[in-house]
Amino acid sequence: MPVLYYAVGACSLAPHIVLEWIGAPYEAVKVQFGSPELLAVNPAGAVPTLREDDGWLLTQAGAILDYLAHKHPEANLAGGDSLRQKAEAHRWSSFLTSDMHAAFWPIFMPARYTTDEGDEARAKVVEAAHALAHKQFAILDEHLDGREWILDGRSVIDAYAFPMIRWGKKLLEGKLSQYQNVLALHDRLAADPSVQKVLDREAGK
């Protein structure tokens, strides 16, 4: 049975949701960043980490989501099989990893992005990161205009976007109110019974 190592509030929420959508047996293990339990399977001390039955380990959310989509084609979560549909899936996975997720790191850990230890310098880092995150949400919102899902039908990419949209609703000015298409995607996913099950599990309910 596959084992997913996850942390509450992290992007590991995405493969956690996808595993529920797939419906095959799996185990979800809650860990703390950098804990001995997590370091034993991922030297980076990061989530998500997926361990297969034979002990094979896979890290990085985008790679795990792509693997799960193609391991379980019956779940129809890859976004399509044509060359261009596959390219679109890789495009948006890369966007979420490299543009959207990266925009939040300075908000979470501003000290990493300046050598100035003063509060003012760190506040400026956060301010710049907010502007960058808004830019990424504007791109996603425009893409979603007239669409229910990021790709052609519900896919792992929607699950990947979900935790980041939740971060935006919590941390950014306006709570994403100017991005109605993004909020509609959030609400569509939040209403899904499998998503609700995972959120309840991660909240300890």
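Helices (H or I, at least four residues) and strands (E, at least two) are DSSP runs, numbered from the N terminus. The model is predicted: local features need pLDDT of at least 70, side-chain atom pairs count only at pLDDT 80 or more, and totals for chains, interfaces and linings use all residues. Residues are numbered from 1 along each chain as its sequence is written, and side-chain values use heavy atoms, without hydrogens and water.

**Exercise 1.** Describe how α4 and α6 are arranged.

*Solution.* First, the angle. The axes of α4 (residues 83-108) and α6 come within 10 Å and cross at roughly 25°. Axes are lines fitted to C-alpha atoms, for helices over the stretch in contact; angles run from 0 to 180 degrees between N-to-C directions. The two helices are therefore roughly parallel (angles under 35 degrees). Now the residues. Among those making the contact are W92 and F104 of α4 and Y160 and W167 of α6.

**Exercise 2.** What is the strand order of the open sheet?

*Solution.* The 4 strands run β2-β1-β3-β4, with mixed pairing (strands pair if DSSP finds at least two bridges between them). Check the edges: β2 (27-30) and β4 (57-59) each pair on one side only. Finally, β3 (residues 49-51) and β4 are antiparallel, joined by 3 bridges.

Key. Angles under 35 degrees count as roughly parallel, over 145 as roughly antiparallel, 65 to 115 as roughly perpendicular and the rest as oblique. Contact means heavy atoms within 4.5 Å.
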